[in-house]
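Here's a quick briefing on the fold, its salt bridges and its surface. Have the model open while you read.

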Amino acid sequence: MTATEGTPSPVRQLRLVVEAEDYEAALAFYRDVLGLPEQAAFSSDGGARVAILDAGRATLEIANPAQKKYIDEVEVGRQVAPKIRVAFEVDDAQATTDRLVTGGADQVAPPTLTPWQSLNARLDAPAGLHITVFQETLSLEERESLDGFGTEGTEGA
C-alpha cells in the first residue's frame, strides 16, 4: 500500500538544499520575487547563513533519460535541462514568468501547453537553478483520463 492509499509516508519533508554564491540575490529572488515564505533563518561563525523557504507540498519526480529528453522537447524544443530541474506549481504561469524575468531570471521558454495539459515555462534562475513554473489547467481527475497518465504500472489504463 502506498501513501496515497492511506498509509502515511515515512518521509515527512523534502528539503532541497542549494548553495548560492550570491546568497542575498538568491534569497531575494526566491523569497521576495517568487514568493516563498521564509520559515526560518540561521547564521553561524564565519558568515555562514541559510534561509529555509516554504515551497508548499513537495514531490520528487524521477524520470528516465528518454522522459527528460521528451519533457525538454515539449517545453523548450531542445535539450536544455541539467540532471536536476526544480519545478514550482503556480496559479498563473504567464504572470509568474513575467515577474521572475523582471526579478532576475532568464526566460528559456515561454509558458507552453504540454500534452499533459499543464502550462509550463522554463527559466534559468539565481543560484544556478534551471526551473519550471507550471500551471495545471485540468483537475487531477481530468488528467487521469489522459493517455499515458497514471501511476507506475497503470499508465494509459
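## Surface spots

Ile 62 counts as exposed, at 72% relative accessibility (exposed means over 50% relative accessible area, buried under 20%, and partly exposed in between, with a 1.4 Å probe and protein chains only). This is a predicted model, so local features need pLDDT of at least 70 and side-chain atom pairs count only at pLDDT 80 or more, while totals for chains, interfaces and linings use all residues. Residues are numbered from 1 along each chain as its sequence is written, and side-chain values use heavy atoms, with hydrogens and water left out.

- Ile 62 sits in the loop between β2 (48–53) and α2. Helices (H or I, at least four residues) and strands (E, at least two) are DSSP runs, numbered from the N terminus.
- Together with Leu 14 and Leu 60, Ile 62 makes a nonpolar surface patch of about 360 Å². Patches take residues with over 30% relative accessible area and no salt bridge, joining nonpolar side chains (Val, Leu, Ile, Met, Phe, Trp, Tyr) within 5 Å and like charges within 9 Å. The areas come from the Shrake-Rupley method with a 1.4 Å probe, and for residues only the protein chains shown count as cover.
- Ala 66, found in helix α2, is exposed too, with a relative accessible area of 53%.
- From Ala 66 to Thr 7 it is 59 residues in sequence and 31 Å in space, C-alpha to C-alpha.

## The four-stranded sheet

- An open sheet is built from four strands in the order β3-β6-β5-β4, with mixed pairing. Two strands pair if DSSP finds at least two bridges between them.
- At the edges are β3 (86–89) and β4 (106–113), each of which pairs on one side only.
- From one strand to the next, the twist averages 20°.
- β4 and strand β5 (residues 118–125) run antiparallel and are joined by five bridges. Across this pairing, Asp 106 stands opposite Asp 124 in β5.
- Helix α2 (residues 65–75) packs on the sheet, where it touches β4, β5 and β6 (129–136), and its direction makes about 95° with that of β5. Contact means heavy atoms within 4.5 Å. Axes are lines fitted to C-alpha atoms, for helices over the stretch in contact, and angles run from 0 to 180 degrees between N-to-C directions.
- Helix α3 (residues 93–102) lies across β4, β5 and β6 as well, running at about 155° to β6.

## Salt bridges

- Searching the whole structure turns up seven salt bridges. The cut-off is a side-chain nitrogen of Lys or Arg within 4 Å of a carboxyl oxygen of Asp or Glu.
- A network of salt bridges links Lys 68, Asp 72, Glu 75 and Arg 122.
- Lys 68 bridges to Asp 72, with the closest N and O atoms 3.7 Å apart. These two are four residues apart in helix α2, so about one helical turn separates them.
- Lys 68 is partly exposed at 26% relative accessibility, whereas Asp 72 is buried at 1%.
- Asp 72 also meets Arg 122 in a salt bridge, at 2.7 Å from N to O.
- How buried is Arg 122? Its relative accessible area is 0%.
- Glu 75 forms a salt bridge with Arg 122 as well, the closest N and O atoms being 2.6 Å apart. Here too distant parts of the chain are linked: Glu 75 is in helix α2 and Arg 122 in strand β5, 47 residues apart.
- Glu 75 is buried, with a relative accessible area of 3%.

- β1 and β2 pair antiparallel over six bridges, and Phe 42 stands opposite Val 50 in β2.
- Three residues lie between the strands of this hairpin, in which Gly 46 takes a positive phi near 75°.
- In helix α1 (residues 23–33), by contrast, Ala 26, Leu 27, Phe 29, Tyr 30 and Val 33 are buried. Their cover includes β1, β2, α3, β5 and β6.
- After α1 comes Gly 35, with a positive phi near 95°.
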